[in-house]
Number of protein chains: 2
Amino acid sequence: MLEQTTEINLLYDFYGSLLTEKQQLILECYYHDDWSLSEIANHQGTSRQAVFEGIKRAGQHLIEYENKLGMVAKYRERDQIAKKILSKLSADPSLKEELAPLIQQMID
Amino acid sequence: MLEQTTEINLLYDFYGSLLTEKQQLILECYYHDDWSLSEIANHQGTSRQAVFEGIKRAGQHLIEYENKLGMVAKYRERDQIAKKILSKLSADPSLKEELAPLIQQMID
């Protein structure tokens with residue numbers, strides 16, 4: 001569950017803006033603020049089952065976006081490449097220190 | 001027109017997979033293969049006006065995706081940062097040569 005939460009939060013960071021406002025709200029309540037299904041259902045005046053289905057569907061949308069656009073996969077690739085570059089810069093600490101912030105900017 | 005074509009082609013490279021197959025087809029015919037509206041209309045058995053509207057709408061979708069996700073803007077930023085990094089590596093040509101392909105991979 002924790003691993004799934006981390007993954008959905010990451011996907012949400014990248015693709016949340018493509019979801020509807022309602023989908024954004026329930027995902028934020030559930031994954032970010034750690035509300036229970038019942039708490040969200042009470043807050044939204046709907047059923048626990050409807051919230052469950054809504055979270056599931058929104059999560060599927062996020063996964064579909066990643067399958068099509070691969071932003072998270074590319075982010076992870078950049079992170080790995082940055083580590084390689086920084087390791088190759090280790091022989092020159094002052095150059096490494098100068099370039100590290102720029103390389104970090106390229107990951108994000 | 002040429003500038004708009006280049007911009008739409010770039011947006012299409014990033015977000016084309018989010019469009020419907022039909023939208024992908026007309027954008028490819030129009031912007032990539034340089035067909036006229038009438039040629040596309042004949043090929044699809046529809047009107048020139050319908051093709052025109054379809055191209056316009058698909059283009060708007062691409063712009064909306066960019067406004068929400070900013071993949072093209074971030075790609076351009078990475079390209080600029082890469083240039084800065086390569087310029088700072090100029091003092092050490094062999095290191096620059098070694099790191100250039102990795103930095104290029106981070107742009108894409």
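In the predicted model described here, B:S38 has its place in helix α3 of chain B, where helices (H or I, at least four residues) and strands (E, at least two) are DSSP runs numbered from the N terminus. B:S38 is partly exposed, with a relative accessible area of 34%; on the scale applied, buried stands for under 20% relative accessible area, exposed for over 50%, and partly exposed for values in between (1.4 Å probe, protein chains only). Between B:S38 and B:K56, which are 18 residues apart in sequence, the C-alpha to C-alpha distance is 15 Å.

Because this is a predicted model, local features need pLDDT of at least 70 and side-chain atom pairs count only at pLDDT 80 or more, whereas totals for chains, interfaces and linings use all residues. Residues are numbered from 1 along each chain as its sequence is written, chains are lettered from A and ligands numbered from 1 in the order in which they are written, and side-chain values use heavy atoms, with hydrogens and water left out.

The overall form was examined for chain A, which has 6 helices and 0 strands, so that its elements run α-α-α-α-α-α from the N terminus on. The radius of gyration of chain A is 19 Å, while a compact globule of 108 residues would have a value near 13 Å; this radius is taken over C-alpha atoms, and the globule rule is 2.2 Å times the number of residues to the power 0.38. Along the principal axes, the C-alpha atoms of chain A fill a box of roughly 60 × 25 × 25 Å. Of the 108 residues in chain A, 38% are buried. Among the contacts in chain A with a separation of 6 or more, 53% are made by residues 24 or more positions apart, a contact being heavy atoms within 4.5 Å.

Chain A carries 12 positive and 17 negative side chains, and the centres of the two sets lie 7 Å apart. In this count Lys and Arg are positive and Asp and Glu negative, with His and the chain ends not counted, and the place of a charge is taken as NZ of Lys, CZ of Arg, CG of Asp or CD of Glu.

In chain B, helix α2 (residues 21–32) includes B:Q23, which counts as buried at 17% relative accessibility. Leaving aside neighbours within four places in sequence, B:Q23 is in contact with B:A58 and B:H61. A:C29 is buried at a relative accessible area of 6%, and B:C29 is likewise buried, at 5%. With a disulfide defined as a pair of cysteine sulfur atoms within 2.5 Å, the count over all chains is 0.

The loop between α2 (21–32) and α3 (37–44) of chain A contains A:D34, which has a positive phi of about 60° although it is not a glycine and is exposed at 65% relative accessibility. In chain B, B:D34 is found in the loop between α2 and α3, with phi near 60°, a positive value in a residue other than glycine, and with a relative accessible area of 66%, which makes B:D34 exposed. B:S36 is also found in the loop between α2 and α3 (37–44) of chain B and is partly exposed at 31%. The C-alpha atoms of B:S36 and B:T20, 16 residues apart along the chain, are separated by 21 Å.
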